[in-house]
Amino acid sequence: MKLLFSSDDYCYCADGKYYLREFGDTLLKRYLMVFDTIRVAIRTKYVSNSDLGIYNILVDMRVEIYPLPFFQGPKQYLSVYMDTCKRIENITQGCEVCIVRMPSSIAYKVLQRAKMQKIPYGIEVVANPQDLALQGDLKAYFFWSILHKNLKK
């Protein structure tokens with residue numbers, strides 16, 4: 001069975017190979033105990049081998065990286081929003097189930113697509129956006145408030 005998975009993490013790509021940090025690798029190994037393969041919808045940054053840093057764990061052969069545009073923060077997300085939506089259009093093909101870790105703007109878009117395709121899904125809530133909204137300025141408050149509203153739905 002193939003899992004479609006998304007969270008608020010990054011993947012680095014160097015010389016055509018994909019790398020995760022230790023947390024991402026550990027998380028996916030947990031799912032590989034249950035699922036045959038995993039398609040990971042993840043923000044991907046293209047770097048040289050010397051710039052991998054903590055993203056230095058080569059992705060398992062049973063994991064298919066589905067690279068999405070790299071961004072950090074709401075302002076950059078707006079600049080890649082349309083491209084991200086277009087990339088997600090066919091993301092569910094071949095996947096039988098979907099799990100997303102929220103809050104995450106990418107995971108939310110993946111979840112919307114899974115719902116449209118009537119794929120069974122699960123949600124892991126790993127933070128409360130309302131708590132995060134109180135830690136930033138007015139723009140951050142607005143952004144996290146939207147994520148909180150979406151999460152409640």
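Contact here means heavy atoms within 4.5 Å. The structure is a predicted model, in which local features need pLDDT of at least 70 and side-chain atom pairs count only at pLDDT 80 or more, while totals for chains, interfaces and linings use all residues. Residues are numbered from 1 along each chain as its sequence is written, and side-chain values use heavy atoms, without hydrogens or water.

**View 1. The buried residues of helix α2 and their cover.** Helices (H or I, at least four residues) and strands (E, at least two) are DSSP runs, numbered from the N terminus. Tyr-77, Val-80, Thr-84 and Ile-88 are the buried residues of α2 (under 20% relative accessible area, 1.4 Å probe, protein chains only). Their cover includes β5 (63–68) and α3 (105–116).

**View 2. The kink in α2.** A kink of about 55° is centred on Val-80; the bend is the angle between axes fitted to the seven residues ending there and the seven starting there. Between its end C-alpha atoms, α2 (residues 73–88) spans only 19 Å, whereas a straight helix of 16 residues would span 22 Å at 1.5 Å a residue.

**View 3. The lining of the largest cavity.** A cavity is a set of points on a 1 Å grid over the protein atoms alone where a 1.4 Å probe fits but cannot get out, and lining residues have an atom within 4 Å of a point. The lining includes Phe-5, Phe-23 and Val-40. Its largest share, four residues, comes from α1.

**View 4. The lining of the second largest cavity.** Among the residues that line this cavity are Asp-25, Lys-29 and Asp-60. Here too α1 gives the largest share, four residues.

Key. The expected span of a helix is 1.5 Å times one less than its number of residues. Buried means under 20% relative accessible area, exposed over 50%, partly exposed in between (1.4 Å probe, protein chains only). On a 1 Å grid over the protein atoms alone, a cavity is a set of points where a 1.4 Å probe fits but cannot get out, and a pocket is an open set with protein on both sides within 12 Å along at least five of seven lines; lining residues have an atom within 4 Å of a point.
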